[in-house]
Amino acid sequence: MFVLLLIAPLPIFAAAKNPSAMQLPGYKAVPVYYRPLNKMIMSVRINGQPANLLVDTGSNQLIIDGDKGERFGVKPWQGGLRYIRFTRIQGQEFPVGYAQSITAGSMNFGSTLVTLRRSPYSDPANANVDGVLGLDLLLRHKAVINFRTKLLFFKVDQTRQTSLGAIAASEKFTSVPIRREENGALTVPCSVHGQPARLLLDTGAFVTALDESFVKSLGIASAPMPVSAHFPNGLAKQISAAKINDLKIGNFKVPPGKFGTTTLPRFALQQGSSKIAGILGVDKLYICHAIIDLDGMRLFLK
């Protein structure tokens, strides 16, 4: 989804470097690192050329900045036909390219289609972000994302059965089911003041934000802040802050604190019949020691 929320993000890029690492038999581990604004970055090679991709569960596709595609040897793909293939994202069409090889550490993703889209990042701090690692590759390889150990695991042995739930339970994690909506978005159940709703699970969102109308419907006051939220379709929305003491994700109680609130765009709120209360971003996922398991479709929090 590429939600860029400019609201004092937690500086997790400076977090401890050596947390205890979880091991998963049958998976290959690839390290990630955090850049300012809580961006989780994975270093890869595209057709042998080094690149940095934002790990984004809010994107259904692998995306490369269209301005940099030629440097990686990725051009709009015609597939032997006379027309260029396109894909549609939020009502806009973008050309599709073909990468012969994508690797990360010892993990080889093989060849894959790539969406070529001009990067929404324009400031110098984001100059080294070359694109997005989206759900197509993450789901295909049944990825496990550990926010504290800064490791992504990709399943390479499909015959191995790993009981990640049992491992997480032994470490006192709470298990929350992940649901994939009709449009491909990942959501998890939540409640505030006992009012049930769902949150978009979006690692491309650098902070967590709740929909302003949902917060107001619960009688929770919010105060405007001199910052705004910017979305990939060009929308800019005013940010407010609200004190919320009883947010639960599944059965997990999130520590009380201030949350950003804004008027989320329609494309974020339209998830079939699901009532979307907001976006669960990297800041809270890190604070709550999150592990995302895209094989078992579970979110583990502690």
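**Exercise 1.** Determine in which sense strand β8 (residues 92-104) and β9 pair, and over how many bridges.

*Solution.* Strand β8 and β9 pair in the antiparallel sense over seven bridges. Strands here are DSSP runs (E, at least two residues), numbered from the N terminus, and two strands pair if DSSP finds at least two bridges between them. Within this pairing, Ile 102 stands opposite Gly 110 in β9. The two strands form a hairpin with two residues between them; in the turn, Gly 105 has a positive phi of about 60°.

This is a predicted model, in which local features need pLDDT of at least 70 and side-chain atom pairs count only at pLDDT 80 or more, while totals for chains, interfaces and linings use all residues. Residues are numbered from 1 along each chain as its sequence is written, and side-chain values use heavy atoms, with hydrogens and water left out.

**Exercise 2.** Identify how strand β6 (residues 63-65) is joined to strand β9 (residues 107-117).

*Solution.* Three bridges join β6 to β9, and these strands run parallel. Ile 64 has Leu 116 as its bridge partner in β9.

**Exercise 3.** Classify Arg 198 as buried or exposed, and locate its surroundings.

*Solution.* Arg 198 lies in strand β16 (residues 195-201). Its relative accessibility is 13%, so Arg 198 counts as buried (under 20% relative accessible area; exposed is over 50%, partly exposed in between; 1.4 Å probe, protein chains only). Beyond residues up to four places away in sequence, Arg 198 has contacts (heavy atoms within 4.5 Å) that include Glu 181, Cys 190 and Lys 275. Cys 190 is itself buried, at 6% relative accessibility.

Key
Helices (H or I, at least four residues) and strands (E, at least two) are DSSP runs, numbered from the N terminus.
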